[in-house]
Amino acid sequence: MCGIVGYIGDGNVYDILIKGLHRLEYRGYDSAGIALCAPDGSLNIYKSCGKVSNLEQHCKGKKLDAKVGIAHTRWATHGEPTDNNAHPHYSEDGNIALVHNGTIENYKVLKDALIEHGCTFHSETDTEVLVELIEYIRLKNNCSLVDAVRQALNEVVGAYAIAVIEKSNPDQIIAARKSSPLVIGIGKDEFFLASDATPFVEYTQNVVYLKDEEIAVIKKGEPLKLLNLENEEADVNITELQMSISQLEKGGFPHFMLKEIFEQPDTLRDCIRGRVIDGGKRVCLTGVLDNKEKFLNAKRIVIVACGTSWHAALLGKYLLQDMARIPVEVEYASEFRYSNPVLDDRDIVIAISQSGETADTLAAIQIAKEMGAFVYGISNVVGSSIPRETHSGTYIHVGPEIGVASTKAFTGQVMVLTLLAIAVGRLRGNLSEEEEERLGGYISRIPELVEDVLKLNDKIKHLSLIYTYARNFLYLGRGYSYPVALEGALKLKEISYIHAEGYPAAEMKHGPIALIDAEMPSVIIAPNDHLYEKIVNNVQQVKARQGSVIAIVTRGDTEIANIADHVLDIPEVPECLTPIITSVPLQLLSYYIAINKGKNVDMPRNLAKSVTVE
């Protein structure tokens, strides 16, 4: 959600910034802009509603030479998506330009005070209030830009990641963050700045992840300097980036989403590497081994997440209760933070987020820590906020996920939760050594089994043509397949804009059955598990009302195969591992239906990859 890029160095500033904005398009946005400090001392700002390509067209023939620059993709919060509301915003005297991710909650109070002091505003944004506040403080106190930024941020309530430049000092960028990500790339005589590392991965592998309420003073020809809001200098911790440029390219696929679906055999191998050991006989998670007492003495686990991660969390509940026999609750992080939760030091809170930057999940973590709970993070992005804010955790290691609709991150999250459940179950004595060995053997084979499922691609592509113009879908599953039904429905509506609902199959009779007719297809997840006979009955009920059925069944199934209109068969695995296998055909079905409808599957409307504001 929103994206910041900055650069200072001897490279082509405009080209680097525009390429960086394209790399950040996956985060979701509705306008883009760029600010350039030229060698002649001018500050040139160009903004455009719509795609980055619109900004490029707008910039043709403009003055683009620069010594330093910042750029932004905006996802509208305060004010509609217009050229005027797009970032960068600049101070009334035209000296300072600023880009901002986040939300300034007390902007109205600050704006009213600045108006009383004679400031005039030209946009509806909270960001313009911040840049005017910085300039007001700088002029009033006759101080440096960094001091003005620091003083202004001490008056701000809310979340922010900002980059600020001034035309009177074109060899400097001031950056700061709180509850919104910002990372600095350190090259040879050059610095990069971005919301994540994707814009500069080909230029440097050395990065600094800014901490909350940290200010960076980035000057050409000088070492990076970090300060806190009390003006105390902080240590600069440089880490090596674990990302390659090939991960950010489509690799011959027409879309990132399809590429990421087909990457899942490899990403699952990366996810389990070093964690299923002794020839597949044992599961080892460092986060569990290092915190044995917490897991041994836990009276309850609460899992907090949003979106697709919440569906993974529901599967985590089934897994942990089955194998570790600990009571588990699953909460939307956005509701948990306002629900006056009851926690103590014998509770474990598991926070799940692909990006590691989800605002509601970070807020839930802070509440849990304040109440004494042990917090365990599951994330994908190394160095992101959630791994830094939690007591311990596990990375899913699936690589950058560019498509907004999560695919490989979901299966990675489910795999980590499966490994966690096995490790905790063995630790607490609720899972036998023999069962661990059996499951470990199957987990070791999961990547090749997913490769097998991906062979359904052509069949699903053809099947999608039949259902492209359906207006509604119903997704049904029981037990471990219920969260998969929710996730399948979410994928379809995210990228095709078809209304779809996921339900526990038994709940169909409590309302949704009224909707079933010849125009309402049902997708039923029906692997051969202990609830199979129950789901057969649900299929029959749908067919009795002229509903069409697409069924996902275990290979060799004959009963549902003789009833359903279309069958997608999967290899047999233990019940607890079926979600990883059954989710893949649902991803492909959603993808092809959306493609048939001409939708932008990588960047669906109104959606952002990571939700870093409320």
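Buried means under 20% relative accessible area, exposed over 50% and partly exposed in between, with a 1.4 Å probe and protein chains only. The model is predicted: local features need pLDDT of at least 70, side-chain atom pairs count only at pLDDT 80 or more, and totals for chains, interfaces and linings use all residues. Residues are numbered from 1 along each chain as its sequence is written, and side-chain values use heavy atoms, leaving out hydrogens and water.

**View A. Tyrosine 7 and phenylalanine 192 form a ring pair.** Rings of Phe, Tyr and Trp (its six-membered ring) pair if their centres lie within 6.5 Å; planes under 30 degrees apart are stacked, over 60 edge-to-face, the rest tilted. The count comes to 11 aromatic pairs. In this one, the centres are 5.1 Å apart and the planes at 45°, so the pair is tilted. Tyrosine 7 lies in strand E1 (residues 3-8) and phenylalanine 192 in strand E10 (residues 191-194), so the pair ties together parts 185 residues apart in sequence. Strands are DSSP runs of at least two residues (E), helices of at least four (H or I), numbered from the N terminus. Tyrosine 7 is buried, at 0% relative accessibility. Phenylalanine 192 is buried too, at 3%. Ring pairs link Tyr7, Phe192, Phe200 and Tyr203 into a cluster.

**View B. The charged end of arginine 605 sits over the ring of tyrosine 497.** This requires NZ of Lys or CZ of Arg within 6 Å of the ring centre and within 35 degrees of the ring normal. Arginine 605 is 3.9 Å from the centre.

**View C. Lysine 111 lies over the face of phenylalanine 121.** The distance to the ring centre is 5.2 Å.
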